[in-house]
Amino acid sequence: MPIAAPLSIIKGVPSVLLVRHGQASFGAEDYDVLSPAGVRQSELLAAALKRRGVVPARLVSGTLRRQRETAAAFAEYGEVELDGRWDEYDANEVLTHHAETAMRLDGPGGLGDGKVDNRAFHGMLEPALAAWVEAGDGSPSAPSWPVFTAAGAAGLESLGAELGRGETALVFTSGGVIAAICAALLGSPEAFLPINRVLVNASVTKLGLGSAGTNLISVNEHSHLEEVDRALITYR
């Protein structure tokens, strides 16, 4: 996804930086824990934003552990508010109800013999996500697609209403949430899967909250990783 603008703050306009969590522990007993690479990614992002002069007025995180652990790299800016509306969809729920596979992100036997890599797993997950989206309110997955997208939209709306002129909020969330918000702002629901597919761990997507509404300024910015070590560019 191309970058529409740098991360510099637009003068006077409130902004929200959506931070995708650092790399989680794919294939481990508990996926919802940052890997060592995920911790490093978070630290590099915190340092990069500090160099760019970003001083957040608000720090908000979903309740998932990987999101909270990413936010921990920003502790110098104050307390992190927890808001479950920024939580990710439940991949295991989606797979259970919309895929013919026993593979799961974590837990006993989650990835079988451990030979399923990230690419292969995503190849199973993405068709299940497409079916979940298409099922809408008829999906037995919790949450359903409409409930999931409404939560993220509501979280963004309430946060935006509380930001003052020129203030910036950092939101620590997940790829599905970010992709859903981007797709909605683009007026293109079908963009959800392509955007979700390419979002990098610890990347930043910037929203400008102008008088005419919320604008998508940049998507998936991750130069803070690329300039250090391309091996830090990960997707799960």
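The legends below describe close-up views of one predicted model.

The model is predicted, and local features are given only where pLDDT is at least 70, side-chain atom pairs count only at pLDDT 80 or more, and totals for chains, interfaces and linings use all residues. Residues are numbered from 1 along each chain as its sequence is written, and side-chain values use heavy atoms, with hydrogens and water left out.

**View 1. An open sheet of six strands with mixed pairing.** The strand order is β3-β2-β4-β1-β5-β6, where strands (E, at least two residues) and helices (H or I, at least four residues) are DSSP runs numbered from the N terminus, and two strands pair if DSSP finds at least two bridges between them. β3 (81–82) and β6 (213–221) stand at the edges with a single partner strand each, so one side of each is left without a neighbour in the sheet. Strand β1 (residues 15–20) pairs with strand β4 (residues 168–173) in the parallel sense over six bridges, and S15 has T168 as its bridge partner in β4. Helix α5 (residues 145–162) packs on the sheet and touches β1, β2 (58–61), β4, β5 (204–210) and β6, its direction making about 170 degrees with that of β2; contact means heavy atoms within 4.5 Å, while axes are lines fitted to C-alpha atoms, for helices over the stretch in contact, and angles run from 0 to 180 degrees between N-to-C directions.

**View 2. The hairpin of β5 and β6.** Two residues link β5 to β6 in this hairpin, and the two strands pair in the antiparallel sense over six bridges. The bridge partner of G208 in β6 is N215.

**View 3. The contact of α5 with α6.** The axes of α5 and α6 come within 10 Å and cross at roughly 80 degrees. That makes α5 roughly perpendicular to α6, on a scale where angles under 35 degrees count as roughly parallel, over 145 as roughly antiparallel, 65 to 115 as roughly perpendicular and the rest as oblique. From α5, the residues W145, F148, T149, G152 and L156 meet G176, V177, A180 and I181 of α6. By class, the residues of this contact divide into six nonpolar, three polar and no charged, where Ala, Val, Leu, Ile, Met, Phe, Trp, Tyr, Cys and Pro count as nonpolar, Asp, Glu, Lys and Arg as charged, and the others, Gly among them, as polar.

**View 4. The contact of α3 with α4.** Here the axes of α3 and α4 come within 9 Å and cross at roughly 80 degrees, and the two helices are therefore roughly perpendicular to each other. A91, V94, L95 and H98 of α3 make the contact with a set of α4 residues that includes F121, M124, L125 and W132. The contact has 11 nonpolar, one polar and no charged residues.

**View 5. The largest pocket, with about 520 Å³ of space.** On a 1 Å grid over the protein atoms alone, a pocket is an open set of points where a 1.4 Å probe fits, with protein on both sides within 12 Å along at least five of seven lines, and lining residues have an atom within 4 Å of a point; grid points are joined across faces, edges and corners, and a volume is the space filled by probe spheres set on the points. The lining has 24 residues, of which R20, Y31, Y89, L105 and R236 are the closest to the pocket centre. At least two lining residues come from each of α3 (91–98), α4 (118–135), α6 (175–185) and α7 (192–198), and α4 gives the most, with four. The lining divides into six nonpolar, eight polar and 10 charged residues.

**View 6. The second largest pocket, with a volume of about 210 Å³.** Of its 14 lining residues, T149, A153, A180, I181 and A184 lie nearest the centre, and α5 and α6 are the elements that give two or more residues to the lining. This lining comprises 11 nonpolar, three polar and no charged residues.
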